[in-house]
Amino acid sequence: MSVHKKLMQARIRLQGTKLEKSGLNKFAGYKYFELGDFLPEIQNIFNDLGLCGVVSYDASYATLTITDTDDGTVIVISSPMAAAELKGAHPIQNLGAVETYQRRYLWMTALEIVEHDVIDSSDKKEKAEPKMPPKVMGGGGEWSIKVTAGADADSWLKVVTQGVDLMLSAVQSLEDVMSIYSNNKAIMDELKKLDDAKYKEVMAKFTAAKLKFKKEK
C-alpha cells in the first residue's frame, strides 16, 4: 500500500471520530482546535497504518514529513515561517509559540482538518492572475509581524493571518490591540490590496478584540 493511500485512510478514519475544539480566543470570539484535540488520535491511527510524522524547522519553512514505515516512501508538507514578538515574552517563548502554531497548521493540512468553511460567491467571476506581494517587513519591536517568507500570494497571506491570530490570542489590553495594528499597518495595507475579503476578515477580528476590552472598562 502506498504512503498516499495510507494517508487517505488516516484522513477517513479521523473523520469518523468526534473532535472537540478546546481552544478559545475570548477576544475575537471563536473556538479553534489545539494540538491536543487531535494529535493523540492521529498518532494512534498512524501507528495502526504504519505511518510516522516528523515536524522540522529551518529559517524559512516548517515541514511535516510523513513516512511509510513499511517501504520508506514519504510525503512532505511545508509552511512558510513567520515571526511574532509578543508583549513581555522572551525570544525563546516567541519561538515556541510560532512553532506550536506551525505544528498545528501542518497536521491540520495533512489530515484535512477543517475549522471554518469557506462560502464561495455565487457570482462566478473569471479568476485573475495572482499578484506577487512585496516582501513587506513589520515595523519592529513588540507586536510586530515579520514576514520572512512569501514566494507567492497565498503563502504571504497565510503568514500574515497566522501572525495576527497568534498575537490577538495573547493581548492583555486595548492598547495591545491598537499596537498590533499600528506596528503592522504597512502589512495591513498590502493585505487589503491583495485580498479585500481576507482584509475584512482580519479587521473583524481586531474590532472584536477592541470591543471586548471596551466592554470590560
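Mentor: A charge sits over a ring if NZ of Lys or CZ of Arg is within 6 Å of the ring centre and within 35 degrees of the ring normal. This is a predicted model: local features need pLDDT of at least 70, side-chain atom pairs count only at pLDDT 80 or more, and totals for chains, interfaces and linings use all residues. Residues are numbered from 1 along each chain as its sequence is written, and side-chain values use heavy atoms, without hydrogens or water.

Trainee: Which residue lies over the face of tyrosine 101?

Mentor: Start with tyrosine 105: arginine 104 lies over its face, at 5.0 Å from the ring centre. Over the face of tyrosine 101, also at 5.0 Å from the ring centre, lies arginine 104.

Trainee: What pattern does the chain follow along the sequence?

Mentor: Helices (H or I, at least four residues) and strands (E, at least two) are DSSP runs, numbered from the N terminus. The chain has seven helices and seven strands. Read in sequence order, they give α-β-β-α-β-β-β-β-α-β-α-α-α-α.

Trainee: How many residues of H4 are buried?

Mentor: Buried means under 20% relative accessible area, exposed over 50%, partly exposed in between (1.4 Å probe, protein chains only). Helix H4 covers residues 153–168 and has 16 residues. H4 is largely enclosed by the rest of the structure, because its buried residues number 14 of the 16.

Trainee: Is the pair of phenylalanine 33 and phenylalanine 38 stacked or edge-to-face?

Mentor: Rings of Phe, Tyr and Trp (its six-membered ring) pair if their centres lie within 6.5 Å; planes under 30 degrees apart count as stacked, over 60 as edge-to-face, the rest as tilted. The count comes to four aromatic pairs. Here the centres are 6.3 Å apart and the planes stand at 80°, so phenylalanine 33 and phenylalanine 38 are edge-to-face.

Trainee: Which helix holds phenylalanine 206?

Mentor: Phenylalanine 206 pairs edge-to-face with tyrosine 181, at 5.8 Å centre to centre and 85° between the planes. The pair links distant parts of the chain, 25 residues apart: tyrosine 181 sits in helix H5 (residues 174–183), and phenylalanine 206 in helix H7 (residues 196–216). Tyrosine 181 is partly exposed at 24%, whereas phenylalanine 206 is buried at 4%. The helix asked for is H7.

Key
Expected span 1.5 Å × (residues − 1).
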